[in-house]
Amino acid sequence: MLRIHFTPEDLTRVRVAPGPDFLWEITNSVQTLQRTDGERVFGAWRRWVRPRLPESRRLLSPLLPPHGYSPDFLTPTSGDRTTLGAAVDTLLGTPRPRLRAELTRLAGTRRLPGWAAALAEGDPDALARLGKALHAYQVEALVPHWRHVRVALEADRALRTRHLMDGGTEALLAGLGPDVHWRPPVLEVTYPVDQHLRLNGRGLVLQPSFFCWPTPTTLADSDLPPVLVHPIQHAADWADTAGATEPATGRSPLGRLLGQTRADLLRATRTGCSTVEAARMLQVTHPAVSQHMNVLRGAGLTTTVRTAGRAFHVATAEGRALLAAEDGWAGRGPGLNPRP
C-alpha cells in the first residue's frame, strides 16, 4: 500500500498535469511491454511493437523491469519536459552521484548488463547511447499511436477537471479509480510495497498515463517533487488501432458510423470540452471543429453552451448512450482501468 499524507495546505496544491509526459509514457510502456496481463488493452500493441524494437528494447528493458524498483532519474521531475528532446536532455544531465546511487540500488534487485556500470559513472558514451535508445523507442513504439495517447489523456484531464468542479479536491482524489481510496487526510493506493509519501505542503501532481498498468505508481525517493502517475480509461477502439502499422481510421463501429473525426469529437464531449480544447486534441482547425459539432448537435448527440465568448460542448443523453454502446461493442462496459 502507498499512503500519501496530506496537510490542509497540500489540498490546495493538487494539480492535474496538462498532458502526457514523454518519459513516463516511455517507462510505463517498456514495463507494460514486458508484462503478460492486460491482454485486452495492450495485447495487440505488444504483438505489433515487439518485432520493431531490437536495440532500444534491449537497452531499456534492464533498466525498467516490469516489477519492483526502477530508477527515478529516468522520469525527471524538473527541467523542460515540453518536448522529448528537452526531457531527455534533463535526464542526461542527472548528477553522477545520483546515477550511481540509483543504479546501484537497481543492481541490488537484479543482474544488470555490463554497460550499466559505465552509465552509473556518467560515461558520456553510455549516456549518449541511452538518449538515442529513448528517442528510437519513442519513434518506433509510440509515435504511430501518439495522437490516440494524447486525445485519451486530454479526455482524462477533462474528467478530472469535472470532478474538481463538482466536488472539489477531495472528489478529484476520490475519483482516481478502483485502486485509489481517499481516507482523509491520507490517499491510499494499491501498491506492490508499503511506502509512505508525506507531502508536507509540497502539493501533488496527478499525471495520467496511457501505458501505466495496472495500478498507479510514484517515485521511489520521497524527497523528489511528489507525483502520482495513474492509469486512464482506454477508449473502446484502442485494441483495433493498436495492431495497425499506422493508427487505423474509422475502424471502430462508431468511427464507421460517424467518421473518425466526429467519433473522436463525440468521445471528447463525454466529459465536456471547448472548441479550443477539441481543436488541440484532434489537431484540426477551430472552424473544422465547429462544422463537425454542428452535425453532431443537429443529430441530437451534443449540446453547446456559450459563455464569455467561448463554446463548451457536452454530449447529450443520446450521445452518451451511443458512447456506452461503443463500450459494449468493445466487449466491456465503461469503467476505469479494466483488468483482464
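**Entry 1. A helix pair.** I began with helix α12 (residues 260-268) and helix α14 (residues 286-298), whose axes come within 10 Å and cross at roughly 80°. I took axes as lines fitted to C-alpha atoms, for helices over the stretch in contact, with angles from 0 to 180 degrees between N-to-C directions. α12 and α14 are therefore roughly perpendicular to each other, the class for 65 to 115 degrees, whereas under 35 counts as roughly parallel, over 145 as roughly antiparallel and the rest as oblique. I then listed the contacts (heavy atoms within 4.5 Å): T261, R262, L265 and L266 of α12 meet V289, H292, M293, V295 and L296 of α14. By type, the residues of this contact are six nonpolar, two polar and one charged. Here Ala, Val, Leu, Ile, Met, Phe, Trp, Tyr, Cys and Pro count as nonpolar, Asp, Glu, Lys and Arg as charged, and the others, Gly among them, as polar.

**Entry 2. Basis of the values.** I noted that the model is predicted, so that local features need pLDDT of at least 70 and side-chain atom pairs pLDDT 80 or more, while totals for chains, interfaces and linings use all residues. Residues are numbered from 1 along each chain as its sequence is written, and side-chain values use heavy atoms, with hydrogens and water left out.

**Entry 3. The chain overall.** I recorded 15 helices and ten strands for the protein chain; helices (H or I, at least four residues) and strands (E, at least two) are DSSP runs, numbered from the N terminus. Of its 340 residues, 52% count as buried, that is, under 20% relative accessible area with a 1.4 Å probe, protein chains only; exposed is over 50% and partly exposed lies in between. Among contacts between residues at least 6 apart in sequence, 71% join residues at least 24 apart.

**Entry 4. Cores.** Which residues touch the most other members of the largest nonpolar core? I found I26, W45, L130 and Y137, in a core of 45 residues. Such a core is a set of buried Ala, Val, Leu, Ile, Met, Phe, Trp, Tyr and Cys residues joined through side-chain atoms within 4.5 Å. α8 gives the most to this core, with eight residues. Beyond its neighbours within four places in sequence, I26 is in contact with L60, L84, L134, Y137, Q138 and L142. Apart from this core lies another, of 19 residues, including L258 and L296.

I also examined helix α5 (residues 84-92), where L84, A86, A87, V88 and L91 are buried. These residues pack against α2 (22-33) and α8 (124-142).

**Entry 5. Sheets.** I traced an open sheet of four strands in the order β3-β4-β1-β5, with mixed pairing; strands pair if DSSP finds at least two bridges between them. Its edge strands are β3 (180-183) and β5 (195-198). Strand β1 (residues 2-5) and strand β4 (residues 186-189) run antiparallel, joined by four bridges, and H5 has V186 as its bridge partner in β4.

I found a further open sheet, of three strands in the order β2-β6-β7, with parallel pairing. Its neighbouring strands are turned by 25° against each other on average, direction ignored. Strand β6 (residues 204-209) and β7 pair over five bridges, and L206 stands opposite L228 in β7. α2 packs on this sheet, touching β6 and β7, its direction making about 55° with that of β6. α9 also packs there, touching β2, β6 and β7, at about 160° to the direction of β2.
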